Amino acid sequence: MFARSSLIAAGFAIGLATLVPGKAEAHRRWLLPSATVLSGDSGLVTVDGASSNGLFIFEHHAMQLDDLKVTGPDGQPVEPKIIGAGQYRSTFDVPLKQQGTYRIAVASDGAMGFYELNGERQRIRGKTVAEAQAAVPAGATNVRITESSQRVETFTTLGEPNDVALKAAGRGLEMVPVTHPNDLAAGEPAQVQFLLDGKPAAGLEVEFVEGGTRYRDDAGIKTLTTDADGKVELNAARPGMYYIETSASSGEGDGAAAPQRRASYTAVLEFLPL
Amino acid sequence: MRKTIYFAMGSLVAAPAAAGELSVSVEIPRLRVAEYHKPYVAIWIEDASGKVAANLDVWYDVDLKGGEGTKWLPDLRTWWRRAGRSLKMPADGISGPTQGPGTQPLKFKEGVRPLGKLAPGAYTLRVEAAHEVGGRELVSVPFQWPPKRAASASASGSAELGAVRLTVKP
């Protein structure tokens with residue numbers, strides 16, 4: 001089912017033997033905007049960030065906002081106003097002064113891993129694989145380094161939607177619109193495309209879940225698979241906030257010379273009633 | 001040469017006399033609610049493919065300071081998506097103040113803004129209303145253009161809108 005070859009072709013830069021769909025992380029991470037369709041000369045959205053099992057429930061951890069980046073309709077950064085974080089959620093405001101679409105993302109790259117020295121397991125962390133490798137002392141064995149790219153995002157639009165902020169950075173897993181992410185309506189099929197390091201990610205498993213999990217018995221997870229172009233169709237029967245998640249990772253790294261790679265992506269999308 | 005011009009002008013002069021006319025009446029119901037706000041209303045015409053052929057009217061809080069009144073325009077969800085979000089508000093000739101309960105008679109002439117010229121075909125008149133701390137409703141009345149003879153059609157809302165009546169005249 002999982003098209004290995006195409007993912008390899010889509011390719012991580014670092015040499016990989018195998019590529020398998022990433023296992024879903026223990027908790028869902030999300031940024032929930034107060035509105036996605038706004039009007040007027042200027043506007044404001046307030047956004048909650050959290051990780052949780054239930055959608056969209058504040059029940060586990062507040063989202064770290066160190067890597068928060070808001071991109072405005074002209075592609076330039078917009079300064080969010082961080083309100084703060086409680087136990088379960090963090091909150092910030094985004095002023096909307098320009099007409100168009102804003103991308104609100106917590107995205108980061110990093111490397112982390114373990115090694116053994118004198119029979120003891122040690123943790124290492126770095127911003128890059130090289131940095132993590134440099135931290136491995138001579139004589140260490142069983143070195144395992146995982147390079148990770150993660151992106152958690154959402155979108156909001158003042159006035160007419162535009163595409164400038166939605167351009168792919170070409171790093172990690174990204175979603176680029178076929179249907180604009182702020183032009184989604186319940187009952188209308190929407191299409192999105194997934195890219196892995198800027199290239200179409202075929203055969204990727206994508207989870208699509210309607211919010212409001214507390215008020216139903218069914219987990220409501222729709223598992224979709226991207227086609228050869230990395231595209232997938234989203235069908236929301238009911239209006240509401242939806243969560244989309246996907247990840248991919250390489251096989252076991254076999255030492256510092258061939259680090260494991262992992263990329264994950266989540267977004268919150270609002271489908272409005274027509 | 002002169003003759004040609006004369007005939008051309010003749011046909012131009014004749015055109016307005018044959019222009020069609022479209023009358024719309026929109027009933028805004030009296031609502032029994034503790035906190036009443038006059039609804040926002042958008043009136044427009046769509047062609048058979050759902051594309052906006054003419055924006056006829058938008059009633060909102062045009063006089064609020066700093067354009068604050070535009071903040072709730074997306075509550076007119078269908079209109080906002082199909083037309084509103086690509087208009088600069090207030091839009092010339094179509095923006096007007098909100099209206100209280102009662103029936104509003106409106107008249108539009110072919111070739112004159114905001115109706116302009118409609119190509120022959122099937123159309124739908126859409127009237128959408130939303131009010132603060134309230135609901136939203138969309139009422140549709142299909143019609144053919146140009147009409148062969150005077151004709152009327154109507155549809156009714158159940159909450160935010162009362163009767164919507166459309167009369168077309170050749």
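Helices, of at least four residues, and strands, of at least two, are taken here as DSSP runs and are numbered from the N terminus. Counted in that way, chain A has 2 helices and 20 strands. The model is a predicted one, and the values below are computed from it. Of the 274 residues in chain A, 50% are buried, while the accessible surface of this chain comes to about 12,500 Å², with 49% of that area belonging to carbon and sulfur atoms. Among the contacts in chain A with a separation of 6 or more, 67% are between residues 24 or more positions apart.

Where chain B and chain A meet, 14 residues of chain B are in contact with 15 residues of chain A, and the area buried between the two chains is about 1,100 Å², of which 45% is given by carbon and sulfur atoms. Between these chains there are 4 salt bridges, including one in which the side chains of A:Asp183 and B:Arg85 meet at 3.1 Å, N to O. The count of residue pairs in polar contact between chain B and chain A, with both residues at pLDDT 80 or more, is 8. On the side of chain B that touches chain A, helix H2 (residues 77–82) of chain B provides the largest share, 5 residues, and the residues of that side divide into 4 nonpolar, 3 polar and 7 charged.

Some details of the backbone also deserve attention, given that most residues other than glycine have a negative phi, and most peptide bonds are trans.

| Cis peptide bond | Omega |
|---|---|
| B:Met89 to B:Pro90 | about -5 degrees |
| B:Trp145 to B:Pro146 | near -5 degrees |

B:Pro90 is found in the loop between H2 and strand E4 (95–96) of chain B, and B:Pro146 lies in the loop between strand E7 (136–145) and strand E8 (151–156) of that chain.

In chain A, A:Asn118 has a positive phi, near 50 degrees, and is found in the loop between strand E10 (100–117) and strand E11 (120–126). A:Asn118 counts as exposed because its relative accessibility is 75%, the cut-off being over 50%. A:Asp197 has a positive phi near 50 degrees and is placed in the loop between strand E14 (190–196) and strand E15 (199–200) of chain A. A:Asp197, at 15% relative accessibility, counts as buried, since buried means under 20%.

Terms used:
Residues numbered from 1 in each chain as written. Chains lettered and ligands numbered in written order. Predicted model: local features only at pLDDT ≥ 70, side-chain atom pairs only at ≥ 80, totals over all residues. Heavy atoms only, no water. Contact = heavy atoms within 4.5 Å. Buried area = accessible area lost by both parts, 1.4 Å probe. Polar contact = N/O pair within 3.5 Å; in protein donor to acceptor, adjacent residues only side chain to side chain. Nonpolar A, V, L, I, M, F, W, Y, C, P; charged D, E, K, R; others polar. Buried < 20%, exposed > 50% of the residue type's maximum accessible area, 1.4 Å probe, protein only. Areas by Shrake-Rupley, 256 points an atom, 1.4 Å probe, with all protein chains shown as cover.
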